[in-house]
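Student: I am new to this structure. Can we go through its charged pairs together?

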Amino acid sequence: LMRSSEVILVRGRPVRIWGLTHHGAHFAVPIEEDIHHVPVFEPRKVAISTLEHEISVQCIHAHALRMGWRDWRTANQVSVQLAKGGLKIPDGIATDPLGERTAIEVERTLKSARRYEELLVSYLDGRKRGLWKRILYLSPSEDMAARVERAYRVIKKARFPGQSFAVTDSHLTPFAFMAFDSFYQEPNS
C-alpha cells in the first residue's frame, strides 16, 4: 500500500518520505469514489521545493484542524472541479472557526506581477461563484507575507474575460496575508 524513499535536502540531511503505491491509492478512498485525485508516490518526481511546500501545507492543515477549521479540501480534491471552471487551484479550501469558507494559499516564493494579476482575477471569480468568501495567504515569515501583500497592492489593472478593469482596495478586502507563526497563534483565524 505504501513505499518510501530517502531524499537529500538542501543542507545534505537525508529525509525518508512515504507515499501511496498505485495499489494503495485504490484503497485510500471508498469504492464508490473516483481515485484520480489520489496522488501516487513517485520518488524521482519529488522536487525539494515541492517537498518543502507540501510539508508546509500539511502542517498548516493539521494546525487549522486543531484550531477549529473544518471541511478541509486539498488541492488534489478540488483540482478537477476548479480547473474545469478555469480557476486557479488553491492549496486548500476550508471553513474557518467563524464559518467562512476560505481559499488557502501557501506562498514560499514570490511570483511575477503578471502571475499575481492572474491569481487576483481567479480568486475574485471563485469568490463571485460562491466557492469561498475570503483568500488567506500564508508565508514562512512576516517579511515574506508583507512582500506577497505588496505584490497584490501594486496591481492597478487586471483583465477578466478580455475586459480591463481598475483594481481597487475593495477588490483586495477578502485577501489576508500572514506568517505561519501568526496563523498558528490566531484564536479564530
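Tutor: Start with one term: a residue is exposed when its relative accessible area is over 50%, and buried when it is under 20%, with partly exposed in between. Keep in mind that the model is predicted.

Student: Is Arg114 buried or exposed?

Tutor: The cut-off for exposed is over 50%. Arg114 has 52% relative accessibility, so Arg114 counts as exposed.

Student: Which residue forms a salt bridge with Arg114?

Tutor: Side chains of opposite charge can pair when their charged atoms come close. Here the closest N and O atoms are 3.7 Å apart. Both residues sit in helix H4 (residues 113–128), four residues apart, so about one helical turn separates them. The partner of Arg114 is Glu118.

Student: How far apart are the N and O atoms in the salt bridge of Glu42 and Lys45?

Tutor: A salt bridge needs the nitrogen within 4 Å of the carboxyl oxygen. The side chains of Glu42 and Lys45 meet that way, and the N to O distance is 3.3 Å.

Student: What does Glu42 count as at 28% relative accessibility?

Tutor: Buried would require under 20%, and exposed over 50%. Glu42 has 28%, so Glu42 counts as partly exposed.

Student: How many salt bridges does the count come to?

Tutor: The pair Glu42 and Arg44 is a salt bridge too, at 3.7 Å. With the 4 Å cut-off, the count comes to 15.

Conventions
Residues are numbered from 1 along each chain as its sequence is written. This is a predicted model: local features need pLDDT of at least 70, side-chain atom pairs count only at pLDDT 80 or more; totals for chains, interfaces and linings use all residues. Side-chain values use heavy atoms; hydrogens and water are left out. Buried means under 20% relative accessible area, exposed over 50%, partly exposed in between (1.4 Å probe, protein chains only). Helices (H or I, at least four residues) and strands (E, at least two) are DSSP runs, numbered from the N terminus.
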